[in-house]
Amino acid sequence: MSYRASFLTYIVGNYELVHEVEFKTPDCQYVLVTDNHSLTSSTWEVKYVDNPHTEDPFDLCYQIRFNPFDYVDSDIVIRCDGSMIPCGDFSPVLDIFEKDNYDMMLSIHPSRNTIYEER
């Protein structure tokens, strides 16, 4: 199946809880990648991976993060942290992204906007 865009999240090493999608943008895929074969979701398409890096699950996080097209079926990937919940129609953002042929998009922090505040 062809999708306009894909939302990708991942839960590795049982670091996060599953946050179900509150609203699905039409024609978008919602993929959750995990190494926990007992994890399920009613709103995410769960894809299971084995973790060869059992001592450091962040190695698997980086593998997923930097190879998103191994897990989704679209040319546009919206990668969101496991603590974030897609909860609104993302079509207007996708319209701008496609119209202006952008290569990437960044999300701003909800409460800080400088690197100095990250300390």
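Contact, as I use the word this morning, means heavy atoms within 4.5 Å. The structure is a predicted model, in which local features need pLDDT of at least 70 and side-chain atom pairs count only at pLDDT 80 or more, while totals for chains, interfaces and linings use all residues. Residues are numbered from 1 along each chain as its sequence is written, and side-chain values use heavy atoms, with hydrogens and water left out.

I begin with Ser41, which sits in the loop between strand S2 (28-34) and strand S3 (45-48); strands (E, at least two residues) and helices (H or I, at least four) are DSSP runs numbered from the N terminus. Leaving aside neighbours within four places in sequence, Ser41 is in contact with Val18, Glu20 and Val46. A polar atom of the Ser41 side chain lies 3.1 Å from the backbone nitrogen of Thr43, and the side chain also reaches the backbone nitrogen of Trp44 at 2.9 Å.

That brings us to Trp44. Beyond four places in sequence, its contacts include Phe7, Tyr30, Leu32, Cys80 and Pro86. Trp44 also belongs to the largest nonpolar core, a set of 14 residues in which Ala5, Phe7, Cys28, Tyr30, Trp44 and Leu94 touch the most other members. Such a core consists of buried Ala, Val, Leu, Ile, Met, Phe, Trp, Tyr and Cys residues joined through side-chain atoms within 4.5 Å, where buried means under 20% relative accessible area (1.4 Å probe, protein chains only). S1, S2 and H2 each supply at least two residues of this core. Another core, of 11 residues, lies apart from it and includes Leu8, Tyr10, Cys61 and Ile64.

On a 1 Å grid over the protein atoms alone, a cavity is a set of points where a 1.4 Å probe fits but cannot get out; a pocket is an open set with protein on both sides within 12 Å along at least five of seven lines; lining residues have an atom within 4 Å of a point. Which residues line the largest cavity? They are Thr9, Ile11, Leu17, Val18, His19, Leu32, Trp44, Gly82 and Met84, and they divide into 6 nonpolar, 3 polar and no charged. This cavity holds about 40 Å³.

The largest pocket has a volume of about 1300 Å³. Its lining comprises 45 residues, with Ile78, Arg79, Cys80, Met105 and Ser107 nearest the centre. Strand S1 (5-11), helix H1 (57-65), strand S4 (77-79) and helix H2 (91-99) are the elements giving two or more residues to that lining.

Terms used:
Grid points are joined across faces, edges and corners, and a volume is the space filled by probe spheres set on the points. Ala, Val, Leu, Ile, Met, Phe, Trp, Tyr, Cys and Pro count as nonpolar, Asp, Glu, Lys and Arg as charged, and the others, Gly among them, as polar. A polar contact is a pair of N or O atoms within 3.5 Å; within protein, one must be able to donate a hydrogen and the other to accept it, and residues adjacent in sequence count only if both atoms are side-chain atoms. Buried means under 20% relative accessible area, exposed over 50%, partly exposed in between (1.4 Å probe, protein chains only).
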